[in-house]
Each structure stands twice: as C-alpha cells, then as structure tokens.
There are 2 protein chains.
Amino acid sequence: MISTQEIISYLAATLTTTSFLPQAILTIKTKDTEGLSLGMYGMFTLGVLCWLIYGIHIADEAIIVANAITLILAGTILSYKIYNTLIRKKD
Amino acid sequence: MISTQEIISYLAATLTTTSFLPQAILTIKTKDTEGLSLGMYGMFTLGVLCWLIYGIHIADEAIIVANAITLILAGTILSYKIYNTLIRKKD
C-alpha cells in the first residue's frame with residue numbers, strides 16, 4: 001500500500017517538475033530567452049544536478065525521478081539561453 | 001565529520017534556493033510581474049510546500065532548510081503576482 005509520505009513526495013515532485021514544463025515549451029517554440037536570467041538558470045540547473053546525485057546517494061525514488069525530469073527541462077532552457085548569449089548576439 | 005552526502009545536499013540546497021533570490025529582489029523592487037507565469041509560480045510554490053512537509057516527514061535537514069527558504073522566496077513572488085492580477089489590473 002502506498003503511504004502518505006509517498007503520496008506527498010510524488011505530489012511535490014509532480015508540482016515542482018511540471019511547473020517548468022510551460023517555460024520549456026515556450027522557450028523551445030519561440031527561442032526567446034531575453035527575459036530569462038542566465039545566472040538563475042545556471043545556478044538552478046547545477047543545483048538540480050546536485051539534488052539528483054543526492055537522491056541517488058540516499059536511494060530516494062521521488063527525489064531521483066523529480067530531479068532527473070527537472071534537469072532535462074531546466075537544462076534545455078539553459079542551453080537555449082547560453083546559445084543565444086554566446087552565438088546569436090542581438091545588434 | 002561532514003560526509004560527502006551532506007556536502008552534496010547542502011550544495012544542492014544552496015544552489016536551487018539562491019537561484020530564486022535575484023528574481024525575488026527584482027519583483028520586490030519593481031513590483032513588475034508581467035513576465036511571470038501565475039500557473040508556474042502557483043504550482044511551484046505548492047510543490048515546494050509539499051517538499052517541505054516531506055522533508056519534515058523523513059527528518060532530512062537539507063530538504064527542510066532549502067524548501068523553507070525557497071517557500072518564502074517563491075511565496076513572495078507569487079503574492080505580488082496574485083496581487084497584481086486581482087487588484088491592480090492594467091487598463
């Protein structure tokens with residue numbers, strides 16, 4: 001049987017992960033990263049990677065799954081931001 | 001002695017929490033929430049609250065501290081967004 005603890009952790013994981021989905025879709029569609037902070041996404045993505053490593057260390061499934069998905073989403077947004085900052089400089 | 005696991009968890013906590021600080025400061029200063037998604041911040045804040053409850057359940061200090069601070073930061077941004085959406089409607 002699923003415990004209350006598991007329900008809370010999966011609810012937490014679903015909410016914090018899903019919240020990045022609309023932003024990722026918007027960035028992929030428009031390729032516009034003007035309004036996004038490179039510092040914030042850089043720090044956040046690195047932090048999520050650390051949470052993923054931590055989840056693997058303590059073998060916590062909710063932390064692993066949530067941060068793996070968030071890493072892909074935040075990493076995608078960050079890649080577009082880095083690409084736009086370095087390559088496609090606006091005149 | 002502090003373990004590698006603890007170092008990773010506190011590094012993770014510091015990075016993901018700190019990343020919301022520049023956004024919170026900017027929102028408090030400018031009160032401008034036009035570019036922020038109500039859906040994203042609503043979901044994210046609720047998710048962070050769930051992670052905090054989960055951290056208390058499994059008695060994990062890093063998860064508790066990180067999510068308590070993130071809840072204050074994301075909650076502040078969300079409050080401005082809700083206030084601007086409900087009260088100060090643009091003509």
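**Close-up 1. The interface of chain A and chain B.** In this predicted model, 27 residues of chain A are in contact (heavy atoms within 4.5 Å) with 27 residues of chain B. The area buried between chain A and chain B is about 2,700 Å²; buried area is the accessible area (1.4 Å probe) lost on putting two parts together, summed over both. Carbon and sulfur atoms give 80% of this area.

**Close-up 2. The side of chain A that touches chain B.** In chain A, α1 (4-18), α3 (38-57) and α4 (61-86) each supply at least two residues of this side. Helices here are DSSP runs (H or I, at least four residues), numbered from the N terminus. The largest share, 11 residues, comes from α3(A). By class, this side has 19 nonpolar, 7 polar and 1 charged residues; Gly counts as polar, and Asp, Glu, Lys and Arg count as charged.

**Close-up 3. The largest pocket.** A pocket is an open set of points on a 1 Å grid over the protein atoms alone, where a 1.4 Å probe fits, with protein on both sides within 12 Å along at least five of seven lines. The largest pocket has a volume of about 530 Å³, a volume being the space filled by probe spheres set on the points. Its lining has 23 residues, each with an atom within 4 Å of a point. Nearest its centre lie A:Gln23, A:Gly35, A:Leu36, B:Gly35 and B:Leu36. The lining divides into 8 nonpolar, 11 polar and 4 charged residues. α2(A) gives the most, with 4 residues.

Residues are numbered from 1 along each chain, and chains are lettered from A in the order in which they are written. Local features need pLDDT of at least 70, while totals for chains, interfaces and linings use all residues.

Conventions:
This is a predicted model: local features need pLDDT of at least 70, side-chain atom pairs count only at pLDDT 80 or more; totals for chains, interfaces and linings use all residues. Side-chain values use heavy atoms; hydrogens and water are left out.
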